[in-house]
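I open a notebook page for this structure and set down what I looked up, entry by entry.

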Amino acid sequence: MADATTFTNQTQILEPFRGIKKVTIEEYFTSGHRTCQGCESALVMKLMVKASGPRTIVLGSTGCMYVANTTYYTTPWVVPWMHTQLGSSGSAALGTAAGLKALMKKGKMKSEPINVIAFCGDGGGADMGIGAISATLTHKEYNSLILLYDNESYANTDIQLSGMTPYGAHTTFSPPGKAHRIIHKRWKKNMAGMMAAGHPECRYVATVCASYAVEMMNKVRRALTIGGPTFIHSLDPCPKGWDYDPMLSHELGELAIETGIFPLYEVEDGQLRYYGKTKAIVEGRARKPVREYLLKQGRFAHFTEEDLSYFQSKVDEMWNKWEVPGVVPFRRVDAARTAATNT
Amino acid sequence: MAALICEVVYRGIFQKNLAARIARGIVLSARKSGRWGIAFGRYGDSPQRNGIPAKDFAIVADTKEELEQNMARYEPKHTDVTIVLDDTLSKGVESWAWYGLQPINRLTVPNGTVLMTSVQPFESLLQDIHKRDTAYKLSLVRAKASFSGLWVHKEDHTEARILGALAKIAPSFLALDGVSQAIREIEWGSDLKVASARKAYDRLETRQVKITEGNAEIPYSFEMPKWWEMREGVTIPAIPIGKPKEGGQGYVPERNPYFKKFTTRTMRPVIDFDTCVKCNLCWISCPDSCFDVMPDATFDANMEACCGCGVCEAVCPVESCITMVNEAAFEDNASQWEMWRKDKAAYKTWLTAKIGDKQTTVRSHGFRFRGQYEQELTRDLDGGGVEITAGIPGENAAHKTV
């Protein structure tokens, strides 16, 4: 018998904030955590729950945002928060959403839409937890948001390389040496694109950057309003691991977008929409050279001109060769042939 | 039989490599002076965070047995020399491992030495360093705090100068010749660094600190819950939601009462409320939610929550509306907005003095662009260091436009 369950799950209707002056004044993630000076991920936590409002449960997998925030018997969270294991943000999100639904169905708690957000770092999400996240994104009858805060390394344990570490970056596992300058030669995973392409029934996937705070919050609100399993990928400059003056956190986030390294887009019900500076790039505005972004970070201080131009060529490829620029990396055979005959 | 126990108190990540070099340099210098030694970081400080105070230890002993006796401890309870790599730490240390504020001289033995890098006079440092009931010595290496980051080290000879100073403080453990030999032989060594160590040895300034001297304030502390007081499932109450400032206007968030951020801070924002355009950018961009919303819709940086990152200055669209000023220029954590409300003319005078002083507004918080540290070293840091710019100097640098 076919299952009749569809998207009848009620969600909170969170209208987008129309400008910075309209943003909720209350904080649901407050001061007194032990993150670094200029920690962009802490800002993401703050904006994430500011966007979702008080009727929210947050689940955090192991990483900086667990360890640094909730040090022994203290918390900066105003909303309910629970720790979950490193690779289990997906299962925790699904389980919590299912648990709430069951309790409400049985009349054991008041029936109301409650936002469930699980966050994970790039290590916990893109490396270890990717299987559980993928599974959760196929369970369309449960409302949950998984937010990946990507600081491009295992930052909590002092910057080990992750699947999201960019090409050539200096990490504890990839120190540049005299004989081998570039140790990390793998290109970063395309996490949001993968989630959007691989889960046809996931109704909302977005990429965000907290340097654009209002837009970032509105993507969170959109995801929670749409419901079902949703996924947001946030790029978070990390002063500790990227090695830069903490004052530059905001600027580096902007540069990541303006250079085209990290595209901003949302995929809603299969419809792709670029937004912000990325939209301008797609519409023909020139991208800033990647060197403006790379040379402001100590983790790329060993780069030569050759490395810089390799990095630039890979980013150019994202925009010029990918089937869907910045989102889907493969190309149709025909298009590739045409390109070959043209050159 | 005797041992020399040193702690190196520093800013997490910014000075992690510097502190490790110093602790290691102490051990190697000890070997060259015919002693034994060990260097290690404090377990409770890991994983480190930018700016949050952390400690390394180095122990030097006459014999291996003596050294082993000291190694058997989890971490030293007393230190002969407390080495402090940033003078704003004289306000106290609130590390990961400690709950409450720990005076910088807390572990220093009676008549021991606090060795600090600072350009401040003794008297102004003693306004910050907490008073204690035994006398000790305060020694100063004249230098600004050396900040870099995890990957690119700033070769400003701070480690060599500290080692040279230590040879003066504890000559029976570290001979100056032993220090020189160690610096020359380890990988970061050079003859120039040896010369720096010797100069620091000659120029070290030391002063006795009497029990009547120091900051009389009782450091912030609280009781940790006992295990039998914890709730089922080790759950803890959430932080309550905040309240309006006054008359139903503004907003002050409740904050985690157990962790303050102010010892993490090396600089603090000074705000010109008269030029504030109420754009909300500092408030929304602050990772530490340190801005209280005032009834007039301006924003006051709460000095118990601010960790001094400087993002607010970077995002502020008004020239000199928010300026980061070195923590050494302040005596307390009082509200700037209340000061401004009380007497606007007096506040303006205060503000102009604070943000006009090049010495305390120069920023040196790690990597900004390739080649910056070399530039900083060739210029006089005290006179302004390297300009704060957007973009890469020599290619596309503009004066700070953000």
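Predicted model: local features only at pLDDT ≥ 70, side-chain atom pairs only at ≥ 80, totals over all residues.

**Helix 4 and helix 6, chain B**

I looked up which residues meet here. From helix 4 of chain B they are B:A160, B:R161, B:L163, B:G164, B:A165, B:A167 and B:K168, and from helix 6 of chain B they are B:K193, B:S196, B:A197, B:R198, B:A200 and B:Y201. By class I read seven nonpolar, two polar and four charged residues in this contact of helix 4 with helix 6 of chain B. The packing angle of helix 4 and helix 6 of chain B is about 40°, and their axes are 7 Å apart.

**Helix 5 and helix 6, chain B**

Next I took helix 5 of chain B against helix 6 (residues 191-203) of chain B. Their axes lie 9 Å apart and the angle is about 155°. This makes helix 5 of chain B roughly antiparallel to helix 6 of chain B, as angles over 145 degrees count as such. The crossing of helix 5 and helix 6 of chain B is right-handed. Helix 5 of chain B contributes B:L176, B:V179, B:S180, B:I183 and B:R184 to the contact, and helix 6 of chain B contributes B:K193, B:V194, B:A197, B:R198 and B:Y201. I sorted the residues of this contact of helix 5 with helix 6 of chain B into six nonpolar, one polar and three charged.

**Helix 1, chain B**

How many residues does helix 1 of chain B have? I find 17, at residues 16-32. From first C-alpha to last, helix 1 of chain B reaches 24 Å, close to the 24 Å expected at 1.5 Å a residue. I then listed its buried residues: B:K16, B:L18, B:A19, B:R21, B:I22, B:A23, B:G25, B:I26, B:L28, B:S29 and B:A30. What covers the buried residues of helix 1 of chain B? The cover includes strand 1 (3-11), strand 2 (36-41), strand 3 (53-61) and strand 4 (79-84) of chain B, and also helix 4 (158-169) and helix 5 (176-185) of chain B.

**Where chain A touches chain B**

I counted 54 residues from chain A and 54 residues from chain B in the contact. On the chain A side, helix 1 (40-52), helix 8 (239-242) and helix 9 (249-258) each supply at least two residues. Helix 1 of chain A gives the most to that side, with four residues. The side of chain A that touches chain B has 24 nonpolar, 16 polar and 14 charged residues.

**Helix 1 and helix 7, chain A**

I followed helix 1 of chain A to helix 7 (residues 213-226) of chain A. The two pack at an angle of about 50° with axes 8 Å apart. Helix 1 of chain A and helix 7 of chain A are therefore oblique to each other, and their crossing is right-handed. A:L47, A:M48, A:K50, A:A51 and A:S52 of helix 1 of chain A meet A:A213, A:M216, A:M217, A:V220, A:R221 and A:L224 of helix 7 of chain A. I class the residues of the contact of helix 1 with helix 7 of chain A as eight nonpolar, one polar and two charged.

**Helix 9, chain A**

Of the 10 residues of helix 9 of chain A, 10 are buried, so helix 9 is largely enclosed by the rest of the structure. Among them are A:H250, A:E251, A:E254 and A:E258. A:G260 follows helix 9 of chain A and has a positive phi, near 80°.

**Two loop residues, chain A**

Is A:T165 buried or exposed? I count it as buried, with 27 C-beta neighbours inside 10 Å. A:T165 sits in the loop between strand 4 (144-150) and helix 6 of chain A. Leaving out residues up to four places away in sequence, A:T165 touches A:E152, A:S153, A:T171, A:H184 and A:K188.

A:P200 is in the loop between helix 6 (191-198) and strand 5 (204-208) of chain A. A:P200 is exposed, with 11 other C-beta atoms within 10 Å.

Methods
Residues numbered from 1 in each chain as written. Chains lettered and ligands numbered in written order. Expected span 1.5 Å × (residues − 1). Buried ≥ 20, exposed ≤ 12 C-beta atoms within 10 Å, placed from the backbone. Contact = placed C-beta atoms within 7 Å. Nonpolar A, V, L, I, M, F, W, Y, C, P; charged D, E, K, R; others polar. Axes fitted to C-alpha atoms, helices over the stretch in contact; angles between N-to-C directions. Parallel < 35°, antiparallel > 145°, perpendicular 65-115°, else oblique. Left-handed = near helix turned anticlockwise from the far one by under 90°.
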